[in-house]
Amino acid sequence: MVLQVHHKTYVAGRLPWEYRYDECEALCRGCHAQEHGKFMPQSDWEHFGFCDDLGGLDGECERCGTPIRYVFPIYHPKWGTMEVGEFCCDDLTSTTFATEDRKRIERRARFASSTRWSTNELGETRIVQKGISVCVVPDGPAYRLRMNDTLGKLKFESVLEAKIKAFDSIDSGAAIDYLKRKEATA
């Protein structure tokens with residue numbers, strides 16, 4: 001095994017032998033190359049942002065080259081950013097973030113297209129989800145959400161956009177928390 005001296009920081013104009021011992025460390029040739037970004041790091045990656053659903057296998061994982069539908073942005077300070085698939089994201093970040101995010105997106109799509117939605121004579125679209133009565137209410141050219149008879153202030157451009165917001169607030173627990181606070185003040 002070949003060991004090399006790695007300088008933890010570099011000072012312009014300083015010669016390699018002018019560094020103190022605590023400013024250096026011994027690394028094997030492979031680890032030294034990885035420290036300098038010549039090989040992709042296999043750990044300490046972080047995900048940022050959320051999954052992008054391409055709708056089909058229209059992307060390619062920048063780590064393994066596999067066709068992907070769900071794209072996850074990840075970052076490493078010594079490598080930069082990459083867009084990878086679910087398995088590579090979870091492997092490099094040592095989390096299950098990508099798997100959980102993909103499952104959430106699939107649940108949201110099932111919720112929005114569910115046959116449980118019904119529309120009444122006023123054009124209101126309704127469903128009950130986790131014990132919460134959700135209603136998408138037409139409001140001029142826009143739509144608003146009503147949950148358990150509480151009309152929201154946000155306006156949405158489409159019924160789909162309102163359904164997605166309803167799912168996200170119910171799934172995250174924000175809707176239940178809001179409705180409990182509303183009940184407590186009533």
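This is a predicted model: local features need pLDDT of at least 70, side-chain atom pairs count only at pLDDT 80 or more; totals for chains, interfaces and linings use all residues.
**Cysteines**

- C28 counts as partly exposed, because its relative accessibility is 24%.
- A disulfide is a covalent bond between the sulfur atoms of two cysteines.
- The rule used here asks for a pair of cysteine sulfur atoms within 2.5 Å, and by that rule the count is zero disulfides.

**Strand β7 and its partners**

- Strand β7 covers residues 70-76, and six of its seven residues are buried. (Strands are DSSP runs of E with at least two residues, helices are runs of H or I with at least four, and both are numbered from the N terminus.)
- Strand β8 (residues 80-84) runs antiparallel to β7, with five bridges joining them; two strands pair if DSSP finds at least two bridges between them.
- A hairpin through three residues links β7 to β8.
- Y75 has T81 as its bridge partner in β8, and E46 stands opposite Y75 in β7.
- Strand β3 (residues 46-47) pairs with β7 in the antiparallel sense over two bridges.
- Strand β4 (residues 52-53) also pairs with β7 in the antiparallel sense, over two bridges, and D52 stands opposite V71 in β7.

**D101**

- You'll find D101 in helix α3 (residues 97-112).
- D101 counts as buried, because its relative accessibility is 4%.
- Setting aside neighbours within four places in sequence, D101 is in contact (heavy atoms within 4.5 Å) with F50, C51 and F72.

**The largest pocket**

- The largest pocket holds about 300 Å³ of space.
- Of the 14 residues lining the largest pocket, L145, M147, G152, S169 and Y178 are the closest to its centre.
- On a 1 Å grid over the protein atoms alone, a pocket is an open set of points with protein on both sides within 12 Å along at least five of seven lines, and lining residues have an atom within 4 Å of a point.
- Volume here is the space filled by probe spheres set on the points, which are joined across faces, edges and corners.
- Helix α5 gives the most to the lining, with four residues.

Note on methods:
Residues are numbered from 1 along each chain as its sequence is written. Side-chain values use heavy atoms; hydrogens and water are left out. Buried means under 20% relative accessible area, exposed over 50%, partly exposed in between (1.4 Å probe, protein chains only). On a 1 Å grid over the protein atoms alone, a cavity is a set of points where a 1.4 Å probe fits but cannot get out, and a pocket is an open set with protein on both sides within 12 Å along at least five of seven lines; lining residues have an atom within 4 Å of a point.
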